[in-house]
Structure formats: structure tokens, C-alpha cells
Amino acid sequence: MLLCLTASHQNASFDLLERLSISAPSAAATLVESSDFVSGAVVLATCNRFEAYLDLDEPLTAASAIAVEATIQTMSEASGVEPAELRDSVSVITGDGVVEHLFAVSSGLESVVVGEDEISGQVRRALERARDDGTTSSDLERLFQKASHTSRGVKNRTNVGGAGRSLVRLALELASSRVTDWAEARVLLVGTGQYAATTVAALRDRGAVDIGVYSASGRAAWFGAKHDVTPHDDLAAAIAWSDVLITCTSTAEPLVTPEVVAAGARRLVIDLGLPRNVDPLVARVDGVELLDLETISLHAPLAELSAADDARAMVSDAAAEFQAVAAEQSLSPAVVALRKHVFDILDAEIERARGRGDSSDRTEQALRHLAGVLLHTPSVRARELAREGRGEDFRDALEALFGLTDTRAAVAPTHIHPTSRGAATGDAGRADAV
């Protein structure tokens, strides 16, 4: 069973999201290792969102409630957020709702800037981190891979979001009321990751030409050569040079403090980092105006907060298909059990006939083909019933008609001869698949 705990800009404070982003992702391994029924966990932490996706493998009546509480306690210990505060800030989604929610998130439909470019990559990296930490599961793998596929479809087949939609571009749009001419502005970037590269592209689209970069990890020269910007090795001097300062690193502590920002000169500081790259006290330095993620989110245009109907429809259709396929796969053991039952009976009868000298290869082949034809309709009906949410009806029928009770665990069809498999699926269709 799938379960998601979600806190976002829509229902949680920026301060809480910031604290969760620092340590909570690494706590997924602790959660999986310490729980008897959480078989997988993928944690997504972005500037405006914290989500824990769980795969529960124990069909307990209270499994969801237990998993929620275990997750809250684990993430609380990792991040320092009080359990009560975290409990009040998260929403819980279970079952099929998890699928549509992740597809919508990955497609940018739940972002501050609807259709933003960055979120699909963040979702992909969350799965990659879970793989590295050994916390993913087959169901979560399938879910996240399909989410990435869906987000590409939404981007390619709808107009939602438009080209280059992102928080970076929204921040620069807000900043344009303070910057009269980007071509004349000296802009300093603090950070050299993918977000910084996106920022360079967005600045140049605005007309900026005089761009510098500083890196606390010593990557400024490399980034400068790659993106044709000027590297700086002294943060205070670089800030003094700049008119606009944009930070976008993932450091745990703020790099830009009041001590490195000279007072007096008019300067716009845009903090795109999570956790914060800029100490909030910088806003008190004379001449400084600070735009952080919380402020930027509050000023998102209302038009950005509603997605196009066709994008929502695509997400809903993709989620419905994902759930239908999952339902079909859940009945595969039942179909395999039925096939094994029928072919075991057939094998026994053929052996008895051989013992009496009444069997021939052509007769055996005809009987196996007949069995495949008879199994075709139940296999098709299994798929149909699964998609209708009536999988239990199929299982009940197998128990009532054939006495088959073990229809949930996979059963290997060890008694089906290679020749029979071809005969069963040749004229009758794929009788061995749901």
C-alpha cells in the first residue's frame, strides 16, 4: 500500500520546510530499517515542499496510522521539528490518491509557479537518492518512473507553464521593478550547481551581461569558464562589487551575513537557497532589500496558481492507467494459479493415458491447445475485473469453482511444457498473462 505525507507552501510555514530540508531526506534509511512494515521510502524535499512516499507491505488495519506516526517521529528527530508541529503541518494521502498526487507534483501542477521546470528533476533525484540509500522498493520505483514519464508528457503535449517557467524567473520578474536596466546591473551569483546555471540563462534572457560568481567550495573558476561569467574568490569584495546578489547553494548555514555586506550602497539580495543562504538580519543592513523564497512565493501571480484543464486531465488519465495496470498485476498470481491447476490436471491425465498406451503426440498437442483456449476467457476477464476494481470477485470464483485459495502469492508454472505454452497462446491469445 502506498502512503504519502506532504507539507508544502500551501499548508506549512517556510521555516518548517527549511528545517525539514536539511536532515529529513537522510532519515528515510532510519525509517525503513526501524519499521517492520515500511518496505520502502522516498523523500522529496524542495524549496517549497517536503514529502515522504512510503510503501507499506503489512496489511494491518492500523498500518497507515502507525506508519504516519513512525514517519513523524523519525523526521522530527532528524530535523529538530517538534512532533506536534510536524503532525499539524502534514497532510496524509493514501492508496490511489498518492499516484495522482505525485504525478501532479512531478508535472509542476502543485508548484508555486505552475509548470515550473525544476520540479521534475527534483523528483527524479529523490528516487536516485533512495536508490543510493537502499530505501526504494519495486512499487516506488514504478511509481516514480511513471511520474517522470507523465511529467514529460504534460510538458510536451500541453501549454501549461509555458517555456522556462521557474521560481528563478518569477524572482527576476519581481526584481525587475527594482532593476531599471539589467544590461547595466552587476549581478553576483553565489553557487555553482544546476540552479545557478538556470539562473545564468534567465539573467541573460533579461539582458544581463555583467555576471560574476562566487563559490564557497572553490568551483567559481570552473563555473565561470563553463558559463562565461567572472569568477570571484572573496565573498565580501564580490558583494561590494555587485548591484544584485543572487544566492542558490545548498549549504546548511547562511553564507551571506551582515558582516560581509557593506552598508550604504543600494543592493538587491535574492535568496533562492534552501536552507537559507542569506541571514535574515541582512535585510536590516542599510541600503539592502531582501527577496527570499517565502516572499517570492507570496507574490506569485494568481494566474500561476491554476493549471490548465488539459494538463490536469492528462495527469488524471495517467494515474488511472497506472492504477489499472497495478490492479491487473495484482491478479497475475491468481491467473497463474488457475493455469497451473488446469495444466497439472491435464498432465496427470496424459500420464495415465500414456500408461494405458492411449496417448499420441498429436493428441497431447491438441489437448494442450484446448486448455489454452479454455483459459483465454478467464484471463481476459481477470484483466477486465481488475480494472473495474473487482479483483476479489475473480479470486472468490476460483475458490468456489476449483478450491484455489493461494491466489495472492506468485506460483511458478513448473508443469507447463514449453510446447504447451506456444500452443496455448498461439490461437487463443495471451492466456498466461493478465
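## Salt bridges across the model

A salt bridge is a side-chain nitrogen of Lys or Arg within 4 Å of a carboxyl oxygen of Asp or Glu. This is a predicted model, in which local features need pLDDT of at least 70 and side-chain atom pairs count only at pLDDT 80 or more, while totals for chains, interfaces and linings use all residues. Residues are numbered from 1 along each chain as its sequence is written, and side-chain values use heavy atoms, with hydrogens and water left out.

Side chains of opposite charge can pair when their charged atoms come close. A search of the whole structure finds 18 salt bridges, including one in which the side chains of D347 and R368 meet at 3.0 Å, N to O. Because D347 lies in helix α14 (residues 332-356) and R368 in helix α15, the pair ties together parts that are 21 residues apart in sequence; helices (H or I, at least four residues) and strands (E, at least two) are DSSP runs, numbered from the N terminus. D347 counts as buried at 11% relative accessibility, and R368 counts as buried at 3%, where buried means under 20% relative accessible area, exposed over 50%, and partly exposed in between, with a 1.4 Å probe and protein chains only.

## Further charged pairs

Another salt bridge joins the side chains of E18 and R276, at 2.3 Å from N to O. E18 lies in helix α1 (residues 14-23) and R276 in the loop between β9 and β10, so this pair ties together parts that are 258 residues apart in sequence. E18 is buried, with 10% relative accessibility, and R276 is buried as well, with a relative accessible area of 14%.

The side chains of D393 and R390 also meet in a salt bridge, at 2.9 Å from N to O. Here D393 is partly exposed, with a relative accessible area of 38%, and R390 counts as partly exposed at 36%. Elsewhere, D15, R19 and E85 are linked in a network of salt bridges.

## The antiparallel sheet

An open sheet is formed by 4 strands in the order β2-β3-β1-β4, with antiparallel pairing; two strands pair if DSSP finds at least two bridges between them. Because β2 (38-46) and β4 (91-94) stand at the edges, each with a single partner strand, one side of each is left without a neighbour in the sheet. From one strand to the next, the twist averages 15°, with axes taken as lines fitted to C-alpha atoms, for helices over the stretch in contact, and angles running from 0 to 180 degrees between N-to-C directions.

Strand β2 is joined to β3 (residues 49-56) by 8 bridges, and the two run antiparallel; V43 stands opposite A52 in β3. Helix α3 (residues 63-79) lies across β1 (2-8), β2, β3 and β4, running at about 135° to β3, where contact means heavy atoms within 4.5 Å. Helix α5 (residues 96-106) lies across β1, β2, β3 and β4 too, running at about 145° to β3.

## The parallel sheet

A further open sheet has 6 strands in the order β7-β6-β5-β8-β9-β10, and its pairing is parallel. Since β7 (230-232) and β10 (288-292) stand at the edges, each with a single partner strand, one side of each is left without a neighbour in the sheet. The twist in this sheet averages 20° from one strand to the next.

Strand β9 (residues 267-271) pairs with β10 in the parallel sense over 5 bridges, and the bridge partner of I270 in β10 is L291. Helix α8 (residues 167-175) packs on the sheet, touching β8 (244-247), β9 and β10, and its direction makes about 160° with that of β9. Strands β5 and β6 also pair in the parallel sense over 5 bridges, with D210 in β6 as the bridge partner of R186. Of the 5 residues of β6, 4 are buried, so this strand is largely enclosed by the rest of the structure. Helix α9 (residues 194-205) lies across β5 (186-190), β6 (210-214) and β8, running at about 165° to β5.

## A nonpolar surface patch

L367, L370 and L374 form a nonpolar patch on the surface, with about 280 Å² of accessible area together. Patches are made of residues with over 30% relative accessible area and no salt bridge, with like charges joined within 9 Å and nonpolar side chains (Val, Leu, Ile, Met, Phe, Trp, Tyr) within 5 Å; accessible areas come from the Shrake-Rupley method with a 1.4 Å probe, and for residues only the protein chains shown count as cover. L374 has its place in helix α15 (residues 361-387), and this residue counts as exposed because its relative accessibility is 58%.
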